[in-house]
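Me: Got a structure open here and want to talk it through. Can you walk me round it?

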Amino acid sequence: MNKYLKSALFSALLVWAVAFPVLGLKLSIVGINLEVHGTGPLTLGVIALCSVLMFLRVLFSQQVGALFKSSRGPLISPKVGQFLTLPRTQRWIIIGLIAAALVWPFFGSRGAVDIATLILIYVMLGLGLNIVVGLAGLLDLGYVGFYAVGAYSYALLSHYFGLGFWICLPIAGLMSASFGFLLGFPVLRLRGDYLAIVTLGFGEIIRLFLRNLTGLTGGPNGISNIPKPTFFGLSFERTAAEGMRTFHEFFGLEYNPVSKVVFLYLVALLLALLALFVINRLLRMPIGRAWEALREDEIACRALGLNPTVIKLSAFTLGACFAGFAGSFFAARQGLVTPESFTFIESAIILAIVVLGGMGSQLGVILAAVVMILLPEMMREFSEYRMLMFGALMVLMMIWRPQGLLPMQRPHMELHK
Amino acid sequence: MSREILKVTDLSMRFGGLLAVNSVALTVKEKQVVALIGPNGAGKTTVFNCLTGFYKPSAGSILLDGQPIQGLAGHEIARKGVVRTFQNVRLFKDMTAVENLLIAQHRHLNTNFLAGLFKTPAFRKSEREAMEYAGYWLDKVNLTEFANRPAGTLAYGQQRRLEIARCMMTRPRILMLDEPAAGLNPKETEDLKALIGVLREEHNATVLLIEHDMKLVMSISDHIVVINQGTPLADGTPEQIRDNPEVIKAYLGEA
């Protein structure tokens, strides 16, 4: 009991230590000075209540634990969990989701479709990073760099040469892939933490380059007025630029601003599905198996004649390529790219999506992208506490589902006897 | 007289001030089983690591079919046909037994990206053949019924056999086994002996092995090389080694 009392007191104090500076103090501007005020008794009361609850929770943790254990089993029974993570089930779920994803934007609101488009960008990024981190086991903290390369490739090509989205998309992918290839060469000699640190550095270097190459990239102001994708040359604007026709004119429809948003959504969906398909095939190809083998035992791989550098490089390059696609779409959707869209926090979010979803699991990545993007959007009122919630989510995940929301079950090759 | 596959002369490996291997020489001829023995810490595994490119030897030459291979990277040496197992089994534990064998065939598979993406007939054929070859070898090592089990869940003796099968998938010139009988019970050791016999008779395998189990070594080896404290002590046929006073002294100490 004594032991529990001590840790309970400590926990209660910790609640105060965490909550009071964040919730209990307010900054207000008086004249030109900032002043720190305490908040009202209500907030303090809530914090006090929380600390008391925490105190009791820790003090009686054994009893509480026993109570829960006896009253119910795990949240999802292992059988259901097993079923949900089977490759076959995942395939059917994915087919169902695709059908739903194709139909709903025609009925959804403009805002919802817009957020869904953003989610799809993160799905693409998550799937790409999943190759590098989840499958090949290389911790890449500078993934956003390749995203930036993709975005700027399209922005620059359209700004200086007037090229359209569909031509630039593959070019952006190639650009990012070649950046991945070039950066991969020096970086992939390193392992684990060192690799993470160096990739982090490279991500920042790319951003700083874009920021300081003012003559070419417009520096901190970025590049604006990037054209949106067209539907076989038909624009979705109200009035088309010269030499182009608009979608609603061509089909004799009333102009509807929502159609532009829906079209962007469908393009994003197409790209995400393409990424999903390609990665799905990769998993079943020799190279996919080699990634996995390399993650498990690099020395054994070498002893069997597999070249670790080539295999790692292929994962790095392919992952970067998907970031390039996502980037050029991002540029087209925003119509504006600035270096500030590609800060480290983006890398962290993408990595969080991969880890949250379950390393290597594709359905997991999709689900996690939805959670990670939708939650902050839905809780806009609490946006001040966004990072707090982000951290809390991570901690809770670590406690309850360290393997991710939907951990990977690889499609195993079977020997048919 | 059969051809020399591996010829090692004057091999030395120095770690700072420590001379771990000191001018070791050995020759392995086609279809021979050669054993490398010596007390613990004699430098046997270091010799293996030098031969397979995990270490770059400080001096000496290693010829595979007359071609020098010293100083090449590990995977390049493996591609030339020097393939090894490890003292503590190194399987891909989360992958199934048959997948372990598929990985080893990586080099012989159709790794064209587009072919795999669109599942072209050539790609399917290559995958099917790889699967058949894996099935063939699983059968050879009596693991067919465990084909779809994760390798990490197999019993220790099975893992050892799987590792040997995995090496054979690469169609090696010379198979190097690092203490293949370590941790096996007498029955499993007998099986291993039979397996090495089969490899040699039916598959023309050439084997270089490190082993402590003298009964096994004496019964399967054509030639034995003894090293002690990194230095070659003796080499010859099992009979010669058995009666060599130097070897007995190294193993048992001064009487």
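**Hairpin, interface, fold**

Reply: Let's start with a strand pair: Ile29(A) sits opposite Leu34(A) of E2(A). Keep in mind that this is a predicted model.

Me: OK, how many bridges join E1(A) to E2(A), and are they parallel or antiparallel?

Reply: There are 6 bridges between strand E1 (residues 25-30) of chain A and E2(A), and the two run antiparallel.

Me: And what's in the turn of that hairpin?

Reply: E1(A) and E2(A) have 2 residues between them, and Gly31(A) in the turn has a positive phi of about 65°.

Me: Is E2(A) in the open or buried?

Reply: Largely in the open, because 0 of the 6 residues in strand E2 (residues 33-38) of chain A are buried.

Me: Switching topic: how many residues of chain A are in contact with chain B?

Reply: 24 residues of chain A, and they touch 32 residues of chain B. Helix H12 (257-283), helix H13 (286-296) and helix H14 (298-303) of chain A each give two or more residues to that side.

Me: Which one gives the largest share?

Reply: H13(A), with 7 residues. By class, the chain A side that touches chain B has 13 nonpolar, 8 charged and 3 polar residues.

Me: Now chain B. What's it built from?

Reply: Chain B has 10 helices and 10 strands. Its radius of gyration is 19 Å, close to the 18 Å the globule rule gives for 255 residues, so chain B is as compact as a globular protein of that length.

Me: How much of chain B is buried?

Reply: Buried residues make up 45% of its 255 residues.

Key:
Residues numbered from 1 in each chain as written. Chains lettered and ligands numbered in written order. Predicted model: local features only at pLDDT ≥ 70, side-chain atom pairs only at ≥ 80, totals over all residues. Contact = placed C-beta atoms within 7 Å. Helix = DSSP H or I, 4+ residues; strand = E, 2+ residues; numbered from the N terminus. Nonpolar A, V, L, I, M, F, W, Y, C, P; charged D, E, K, R; others polar. Rg over C-alpha atoms; globule rule 2.2 N^0.38 Å. Buried ≥ 20, exposed ≤ 12 C-beta atoms within 10 Å, placed from the backbone. Pairing = 2+ DSSP bridges.
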